[in-house]
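Thanks for coming, everyone. Let's go through this one quickly, with the model on the screen.

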Amino acid sequence: MKFIFEHSVEGKKAFRIEELDVPVSEIDFPKHLLRDLPPELPQVSELDIVRHYTQLEKLNHSVDSGFYPLGSCTMKYNPFINDETASYAGFSKIHPYEEEDTVQGALELMYNLQQSLCEITGMDAITLQPAAGAHGELTGMLIIRKYLLDKGFTNKTKVIVPDSAHGTNPASAKMAGFDIVQVKSDEHGLVDIQDLKMNMTDEVAAVMLTNPNTLGIFEKNICEIQKIAHEKNALLYYDGANLNAIMGKVRPGDMGFDVVHLNLHKTFSTPHGMGGPGSGPVGVKKHLSPYLPKPVVEMDIDGKYYFDNNMPLSIGKVRSFYGNFSVMVRAYTYILMMGKDGLRRASELAVLNANYMRVKLSKSFKISHENVCKHEFVINGSALKEYGVKTLDFVKMLLDNGIHPPTVYFPLIVEEAMMIEPTETENKETLDNTIRVFEDILKVAKTEPQKLHDAPFNTPVRRLDETKATKDLKVRYNSK
Ligand SMILES: Cc1ncc(COP(=O)(O)O)c(C=O)c1O
């Protein structure tokens, strides 16, 4: 496929700037800031652009084009009504510097979203600023750090993270200045309580967990875990990336968590992937609310919405302006469309779909743990090695069947892991087809393993060098 620059023909245009109907500005720009030559932009028509990007889009796998059971990422269908509301001019054409009086509708939406997320998570206050899950984790850790220091706990330098945790958890805690202590999982895939107790010293500032955990298993000892943490004045942090499993069933706040981050771009149905805009709100219990990033949106006694900047203990701002607003509009639309019962039903179906696949696939594949799972489960792919193939080879052939691979090699505690999260939005036919494809590929692995080494066959590109883009980054087009 050609680059957009290769479609360029001198004189073609897709955009015409209107004649000025205001006086030309008299500002004298400093000479050194002016270009010597115009930028070398491609000269293309509007139709050239439409066709180029439509073709480019078709090369990609997406939730709209096929099943995407990427574990831990909740790649569910995103109803188009979310985009419709996000594109209303009153939301999409406002400027963050506008006076509060002129954007009351947007502030009301943010306020209501804060309230809804507090209700769903069982928290008392929330910030919508963080731009992604990992950013929420960092924000949460900075809140915990400042709170503990203010309370005089200068010795609390450690954060406990289970060995099944998502990689961003220890990374965020480390970035916030903590040292990481890893605790083991037991044979059921749950936090090893004895190991937790052994590591729970006075120096521990927080225990960072997700529940259900990354094996898709609900930490049934969560009440005991919270007691162990709180008895040592450590706080409990909830990674909300797995909230899709429990909406309307249990709330992190009721389980004893002090801080929660959510991934609006997962649970609350915003398209994501490829680094697209996300949102990682952080909810806290009352004692931590003064430390939230400022401003938060409040409502005064006359029902007027405003940004509350009067937060002297706040950790400060964590993102420019107020966060990714269009993602908030999508999430709020989704919550209103689903309602209380709809959100609960979504979680029930997500869990049902995962267990349906788990039980069916367990006839041919080893599942990491026998327990009934929540929204996802993990296949241990180590048996594939008998046939001379690895999980990586196996999943490449899924692409030839129009199925995006599951998350692989995570969690780290499962050998040759394949982590499957079907989500609630897939129907039985899709699940049955995927189960059949998994079984068919297993047969190929047994009889023609070389085929798996060579897969994928039908994708626009075959096997990519997965680290080249980071190690040998090229961001400039060079026609010469
Ligand atoms: C369990 C878990 N925690 C945290 C994150 C980080 O979220 P984000 O990708 O939005 O930074 C992810 C993302 O995959 C996750 O699965």
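Helix α4 (residues 104–121) and helix α11 (residues 325–361) pack at an angle of about 60°, and their axes are 10 Å apart. So α4 and α11 are oblique to each other. That is a predicted model talking: local features need pLDDT of at least 70, side-chain atom pairs count only at pLDDT 80 or more, and totals for chains, interfaces and linings use all residues. Residues are numbered from 1 along each chain as its sequence is written.

A few terms, once. Helices (H or I, at least four residues) and strands (E, at least two) are DSSP runs, numbered from the N terminus. Axes are lines fitted to C-alpha atoms, for helices over the stretch in contact, and angles run from 0 to 180 degrees between N-to-C directions. Under 35 degrees counts as roughly parallel, over 145 as roughly antiparallel, 65 to 115 as roughly perpendicular, and the rest as oblique.

Back to α4 and α11. Who touches whom? On the α4 side we have Leu109, Met110, Asn112, Leu113 and Ser116. They meet Met328, Val329, Ala331, Tyr332 and Ile335 in α11. Contact here is C-beta atoms, placed from the backbone, within 7 Å. The residues of this contact divide into 8 nonpolar, 2 polar and no charged. For those classes, Ala, Val, Leu, Ile, Met, Phe, Trp, Tyr, Cys and Pro are nonpolar, Asp, Glu, Lys and Arg are charged, and the others, Gly among them, are polar.

Next pair. Helix α12 (residues 391–400) packs with helix α13 (residues 428–447) at about 125°, with axes 10 Å apart. That makes α12 oblique to α13. The crossing of these two is right-handed. Phe394, Met397 and Leu398 in α12 meet Val437, Ile441, Val444 and Ala445 in α13. By class, that contact has 7 nonpolar, no polar and no charged residues.

Now the sheets. Strands pair if DSSP finds at least two bridges between them. Which strands stand at its edges?

Look at strand β2 (residues 158–162). 5 of its 5 residues are buried, so β2 is largely enclosed by the rest of the structure. Buried means 20 or more other C-beta atoms within 10 Å of the residue's own, exposed means 12 or fewer, and partly exposed is in between, with C-beta atoms placed from the backbone. Lys158, Ile160 and Pro162 point one way from β2, Val159 and Val161 the other way, and all are buried. β2 pairs with strand β3 (residues 179–183) in the parallel sense over 5 bridges. Lys158 stands opposite Asp179 in β3.

There is also an open sheet of 4 strands, order β10-β11-β13-β12, with antiparallel pairing. β10 (366–367) and β12 (407–408) are its edges, each with a single partner strand, so one side of each lacks a neighbour in the sheet. β11 (residues 377–380) and β13 (residues 417–420) run antiparallel, joined by 4 bridges. Phe377 stands opposite Ile420 in β13.

Check the loop between β12 and β13. Tyr409 is found there, with a positive phi of about 60° although it is not a glycine. Tyr409 counts as partly exposed because it has 15 C-beta neighbours inside 10 Å. Glu416 lies in that loop too, and its phi is positive at about 45° although it is not a glycine. Pro411 is in the loop as well, and a cis peptide bond joins Phe410 to Pro411, with omega about 0°.

Last stop: Gln450, buried or exposed? Gln450 is exposed, with 11 other C-beta atoms within 10 Å. Gln450 sits in helix α14 (residues 449–454).

Technical notes: A crossing is left-handed if the near helix is turned anticlockwise from the far one by less than a right angle, and right-handed if clockwise. Two residues are in contact if their C-beta atoms, placed from the backbone, lie within 7 Å.
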